[in-house]
Amino acid sequence: MKISVIGGGPAGMYLAILMKKADATHEIVIYERNGPDDTFGWGVVFSGKTLANLRAADELSHAEITRNFEAWDNVDVVHRGEKISIHGNSFSGIARLRLLKILQRRCEELGVEIRFRTEVADFDSLKADCDLLVAADGVNSLVRQTFKDNFGPDLSVRPNKYIWYGTNRLFYGLTLTFRETSAGVFAAHSYKFDQTTSTFIIECDPETWNSAGFAEMSDEETRAYLAGVFAADLNGQPLLSNNSKWINFLLVKNARWSRENVVLLGDALHTAHFSIGSGTKLAMEDAITLKECFDETPGVSAALERFEEVRKPVIKEYQAAAYESMVWFEQARDYMHLTPTELAYVLMTRSGRVDRESLRRRDPEFVAAYEA
Ligand SMILES: Cc1cc2nc3c(=O)[nH]c(=O)nc-3n(C[C@H](O)[C@H](O)[C@H](O)COP(=O)(O)OP(=O)(O)OC[C@H]3O[C@@H](n4cnc5c(N)ncnc54)[C@H](O)[C@@H]3O)c2cc1C
């Protein structure tokens with residue numbers, strides 16, 4: 001088969017790897033508008049179960065990825081300056097760039113061609129020239145926009161603002177820090193993802209954002225203001241910018257997932273709020289499922305139909321949990337009257353996926369402290 005992939009992110013590269021591994025005669029080209037070393041952001045998180053899926057799909061890249069992991073079992077909630085730790089969880093962090101490099105190398109080894117600094121604009125010609133066109137072109141997918149009458153996208157711009165920084169202050173565990181200021185409430189999501197760096201995402205509601213006056217601030221002023229809000233947590237370390245800008249989270253769903261020989265994959269197809277750390281996991285698991293559909297179902301259109309049938313219910317469930325979590329952070333100011341232990345409990349159970357008994361199995365001491 002001749003396969004063209006738009007987007008050299010985790011979804012596009014992982015699909016290319018799995019398809020090429022399954023059949024070396026496939027001719028696969030990935031078109032990526034950025035260079036091999038460009039990236040946005042800092043580290044990404046995987047939760048426990050994903051790793052088994054990655055190992056089963058491709059042991060070599062799994063081994064490389066896990067060698068570079070920073071793993072931890074605690075969620076730390078910081079409120080009113082007090083830290084509550086909840087153990088028994090399973091998360092791992094890796095720099096996004098490192099993950100991309102591992103996948104790039106694996107593509108090269110297998111003979112997948114990646115054309116960097118190549119922006120695709122003419123989707124019709126590319127579509128006509130291949131058997132399968134994979135649109136793994138990210139959250140602002142132009143393929144999805146171009147064929148919107150077919151895909152039926154449902155896009156919702158969420159009210160909260162967030163900004164993705166790094167810092168050399170190391171947070172050993174998934175740390176959720178709340179700071180109340182005269183402008184309003186700020187929440188930080190932070191975790192160490194290599195020996196020297198942590199991701200530090202800051203989120204606030206629009207009222208807080210307006211009252212702090214960010215619209216009038218330069219990037220430098222914004223960074224200094226936020227470093228001040230989290231001064232006690234950063235321990236004197238600055239926030240590091242990677243062209244970091246305020247964004248509103250875009251919730252993406254699509255009524256239909258493919259059109260003739262074109263299929264959406266990863267963030268182009270669906271998003272899940274970063275507070276449940278599943279975007280990269282879902283992108284790579286999409287690739288695993290799509291490849292399996294090609295194994296089981298002959299013909300491109302039948303395989304794409306099967307993909308939607310099998311994968312849609314899984315994504316629906318994740319998006320439902322992520323939605324609860326996202327809305328919780330949008331309403332975070334309503335929870336600030338809680339004590340640190342109460343807040344930690346409410347946070348741990350916010351997505352509806354964890355109840356008191358499962359939390360007790362993870363960390364009996366924490367649940368006992370909450371009940372007391
Ligand atoms: C603040 C924040 C925090 C996050 N935290 C986490 C986390 O903790 N854990 C996690 O798993 N995920 C996290 N994510 C999500 C994660 O970054 C994405 O879900 C994941 O990268 C999706 O992979 P993808 O391959 O679908 O898309 P992307 O990684 O966005 O890749 C799409 C690629 O397509 C390229 N492209 C687009 N258009 C074209 C074109 N026309 N021609 C050529 N190339 C094109 C882009 O340059 C890009 O490289 C976070 C996201 C944000 C914004």
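Strand 2, residues 27–31, is joined to strand 8 by 3 bridges. The two strands run parallel. At the end of this stretch, Tyr-31 stands opposite Arg-115 of strand 8. The model is a predicted one.

Now widen the view. Which order do the strands of the sheet follow? The order is 8-2-1-9-17-16, an open sheet of 6 strands with mixed pairing. Strand 8, residues 113–115, forms one edge. Strand 16, residues 258–259, forms the other. Each of these edge strands pairs on one side only.

Next, the helix. Helix 12 spans residues 300–330 and lies across strand 9, strand 16 and strand 17. Strand 9 covers residues 132–135, and strand 17 covers 262–264. Relative to strand 17, helix 12 runs at about 20°.

Turn to the cysteines. How many disulfides does a search of the whole structure find? It finds 0. Take Cys-130, which is in no disulfide. Its nearest cysteine sulfur belongs to Cys-107, 17 Å away. A disulfide needs two cysteine sulfur atoms within 2.5 Å, so the sulfur of Cys-130 has no partner in reach. Is Cys-130 buried or exposed? Cys-130 is buried, at a relative accessible area of 9%.

Technical notes. Residues numbered from 1 in each chain as written. Predicted model: local features only at pLDDT ≥ 70, side-chain atom pairs only at ≥ 80, totals over all residues. Heavy atoms only, no water. Pairing = 2+ DSSP bridges. Helix = DSSP H or I, 4+ residues; strand = E, 2+ residues; numbered from the N terminus. Contact = heavy atoms within 4.5 Å. Axes fitted to C-alpha atoms, helices over the stretch in contact; angles between N-to-C directions. Buried < 20%, exposed > 50% of the residue type's maximum accessible area, 1.4 Å probe, protein only.
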